[in-house]
Amino acid sequence: MPIPEDVTGDEIDKDVRQELQSLPKTLAEDVAKNLVMVARLIDEDPEGAYGYSRVALRLASRVAAVREAAGFAAYATQKYSEALGEFRAARRMTGSAELWPVMADCERGLGRPEKALDMAGAPEVHKLDKAGQVEMRLVAAGARRDMGQLDAAIVTLQSPELASNSVQPWTARLRYAYADALLAAGRENEAREWFAKAVEADRDGSTDASDRLAELDGVEFVDALDENENESDGEGAGQAADDAADADADATEAADAADSADTTPVSDAPEPGDKD
């Protein structure tokens, strides 16, 4: 797949670069460039990122960072079985529990929420850092919702991290998930409060909490461009009506002139045989 000229491969994380040192230099550079493209495209063009991940995987399938990147690209395109296989491979290579929450979420994607809940109670969770534990809590709550257990999902999200006033990278998503669960349970006033708290914490726009809050408040957004187009269409229709009216008037005037010509007295015309 084509690599833009501005991609050198040096953009990758130093830990990944270190992993690639086990490869021949030219091969390592090619793999690095493809991994950069995966990271660059995964949010805006998941299918494109997936394509680059497959190239990297063909080049260096024994590198854990490559298997992990391939897993996330497959996950972004909802290829959950493939993603789970790549994450398992990466975990076997590294021995790390870091991918445990996303592996559990793949189980949800495959329609196995019970398996995701089993993973949420596994010893691996205790090896996760704070961010990983919050992520695992979000996955477990999602699994509860998959099973129709709304009240249990709400309880699952109630945690010290949710109650904390400090804003962490996961805070907005945690508050948003809690608000969404409350709303699904019919607790609209509480949901509104937590959507507002999610907005306060969402500094990088990672959720649509502001839109959900506006919806609850009955605020309707109108696209100014569409409104201008509608006004232009209205003006065009009005002009077309005026033009049609003018055309009708012209036709009427022409018809009146024709009628006037048809009523010219016959006696004015010369009789046959008359001389000039």
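First, how many residues of helix α6 are buried? The answer is 8 of its 10, and the helix runs over residues 100-109. Keep in mind that this is a predicted model.

Here is the buried set in α6: W100, P101, V102, M103, A104, D105, C106 and E107. Note that D105 and E107 are in that list. What do these buried residues pack against? Four helices: α4 (64-76), α5 (80-94), α7 (113-120) and α8 (130-146). Just after α6 comes G111, with a positive phi of about 80°.

Next, a helix pair. Two packed helices are described by the angle between their axes and the distance between the axes. For α3, residues 46-59, and α4, the angle is about 155° and the axes are 8 Å apart. The cut-off for roughly antiparallel is over 145 degrees, so α3 and α4 count as roughly antiparallel. Their crossing is left-handed.

Now the residues that meet. From α3 we have P46, A49, Y50, S53, A56 and L57. From α4 we have V66, R67, A69, A70, A73, A74 and A76. By class, that contact divides into 11 nonpolar, 1 polar and 1 charged.

Last stop, R212. It is in helix α13, residues 209-216. Buried or exposed? Buried means under 20% relative accessible area. R212 has 18%, so R212 is buried. Leaving aside residues up to four places away in sequence, R212 touches Y176, D180, L183 and F195. With Y176 there is a polar contact, side chain to side chain, at 2.9 Å.

That's my tour. Over to you.

Notes:
Residues numbered from 1 in each chain as written. Predicted model: local features only at pLDDT ≥ 70, side-chain atom pairs only at ≥ 80, totals over all residues. Heavy atoms only, no water. Helix = DSSP H or I, 4+ residues; strand = E, 2+ residues; numbered from the N terminus. Buried < 20%, exposed > 50% of the residue type's maximum accessible area, 1.4 Å probe, protein only. Polar contact = N/O pair within 3.5 Å; in protein donor to acceptor, adjacent residues only side chain to side chain. Contact = heavy atoms within 4.5 Å. Axes fitted to C-alpha atoms, helices over the stretch in contact; angles between N-to-C directions. Parallel < 35°, antiparallel > 145°, perpendicular 65-115°, else oblique. Left-handed = near helix turned anticlockwise from the far one by under 90°. Nonpolar A, V, L, I, M, F, W, Y, C, P; charged D, E, K, R; others polar.
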